[in-house]
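Subject: Structure handover

Hello,

Here is the structure you asked for. My notes on it follow below.

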Amino acid sequence: KLYPVTVILSGTYNDEFNNKSSKFLQDFTSSMRKQILRAFRITSLWNNAVMDVLINSIRPGSIKVEVIIIFRNNTSISSSKVSTVLKELSNIGSFPIADVIVADGDTGNNTGNGKVIAGTIIGIIAILCVIFSAVYLYRKKPRLLRCVTREEDRALVLSDENQANFIMEQISK
């Protein structure tokens with residue numbers, strides 16, 4: 001189960017957060033990851049529930065840290081519980097936590113969008129098959145003469161087909 005979380009820290013965003021190879025950024029992300037893991041492991045309900053913490057990005061606006069907390073599949077936890085545990089940390093390193101925003105629900109088992117996309121693709125393929133079949137049948141239509149039983153009707157059909165063929169030849173020239 002994946003829970004995307006935005007942790008907003010009070011502090012000034014500086015250029016060190018942009019430098020992926022800086023010791024400051026590496027220490028900060030390592031410290032934040034360890035603190036979040038520790039916060040969930042201290043809580044007896046979720047002692048082994050958290051598998052990992054991924055820090056996706058850090059961006060300005062105070063300091064906004066995009067985090068994904070990975071829980072075991074059998075863990076029963078809500079967004080509000082995730083938020084409560086994180087707010088109890090109070091600080092990440094030397095930065096106080098101003099707010100925690102947890103996306104509603106768990107995104108790890110959300111297959112609804114995948115079903116909609118798959119259904120849409122299948123629908124489009126079905127429509128294209130019908131269109132191509134209609135075009136194929138129109139271009140390869142059997143001669144109507146097989147269905148005509150009266151001789152005078154046969155002459156009319158031949159006349160119409162010859163006229164249509166003549167027009168098509170004139171257009172293609």
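Are Phe17 and Phe95 buried or exposed? Phe17 is buried, and Phe95 is buried too, where buried means under 20% relative accessible area, exposed means over 50%, and partly exposed is in between (1.4 Å probe, protein chains only).

Some conventions come before the rest. This is a predicted model, in which local features need pLDDT of at least 70 and side-chain atom pairs count only at pLDDT 80 or more, while totals for chains, interfaces and linings use all residues. Residues are numbered from 1 along each chain as its sequence is written, and side-chain values use heavy atoms, with hydrogens and water left out.

Overall

The protein has four helices and five strands; helices (H or I, at least four residues) and strands (E, at least two) are DSSP runs, numbered from the N terminus. Their order from the N terminus is β-α-β-β-α-β-β-α-α. Of the 173 residues in the protein, 28% are buried. The accessible surface comes to about 11900 Å², and carbon and sulfur atoms hold 57% of that; the areas come from the Shrake-Rupley method with a 1.4 Å probe, and for residues only the protein chains shown count as cover. Taking contacts (heavy atoms within 4.5 Å) between residues at least 6 apart in sequence, 62% join residues at least 24 apart.

Strands

Strands count as paired if DSSP finds at least two bridges between them. Strand E1 (residues 2-9) runs antiparallel to strand E5 (residues 95-102), and five bridges join them. Ile8 has Asp99 in E5 as its bridge partner. E5 also pairs with strand E4 (residues 91-92), again in the antiparallel sense, over two bridges. There, Asn91 stands opposite Pro96 of E5. The hairpin of E4 and E5 has two residues between the strands, and Gly93 takes a positive phi near 65° in it.

Aromatic pairs

Rings of Phe, Tyr and Trp (its six-membered ring) pair if their centres lie within 6.5 Å; planes under 30 degrees apart count as stacked, over 60 as edge-to-face and the rest as tilted. By this rule there are eight aromatic pairs. In one of them, Phe17 and Phe95, the ring centres are 6.2 Å apart and the planes stand at 50°, so the pair is tilted. Phe17 lies in the loop between E1 and helix H1 (23-42) and Phe95 in strand E5, so this pair ties together parts that are 78 residues apart in sequence. Phe95 also pairs with Phe28: the centres are 5.8 Å apart and the planes are at 80°, so this pair is edge-to-face. Here too distant parts of the chain are linked, with Phe28 in helix H1 and Phe95 in strand E5, 67 residues apart. Phe28 is buried, as is Phe95. Ring pairs join Tyr13, Phe17, Phe24, Phe28 and Phe95 into a cluster.

Helix H1

H1 has 20 residues and reaches 28 Å from its first C-alpha to its last, close to the expected 28 Å at 1.5 Å a residue; the expected span is 1.5 Å times one less than the number of residues. Its buried residues are Leu25, Phe28, Met32, Gln35, Ile36, Leu37, Ala39 and Phe40. These pack against E1, strand E2 (50-60), strand E3 (63-71), helix H2 (79-87), E4 and E5.

Salt bridges

A salt bridge is a side-chain nitrogen of Lys or Arg within 4 Å of a carboxyl oxygen of Asp or Glu, and the count by this rule is four.

- Lys23 and Asp27: their side chains meet at 3.1 Å, N to O. Both are in helix H1, four residues apart, and so separated by about one helical turn. Lys23 is exposed, with a relative accessible area of 58%, whereas Asp27 is partly exposed at 41%.
- Asp52 and Arg33: the closest N and O atoms are 2.8 Å apart. Asp52 lies in strand E2 and Arg33 in helix H1, so the pair ties together parts that are 19 residues apart in sequence. Asp52 is partly exposed, with a relative accessible area of 22%, and Arg33 is partly exposed at 33%.
- Glu66 and Arg59: the closest N and O atoms are 2.4 Å apart. Glu66 counts as buried, at 19% relative accessibility, whereas Arg59 is partly exposed at 34%.

Regards
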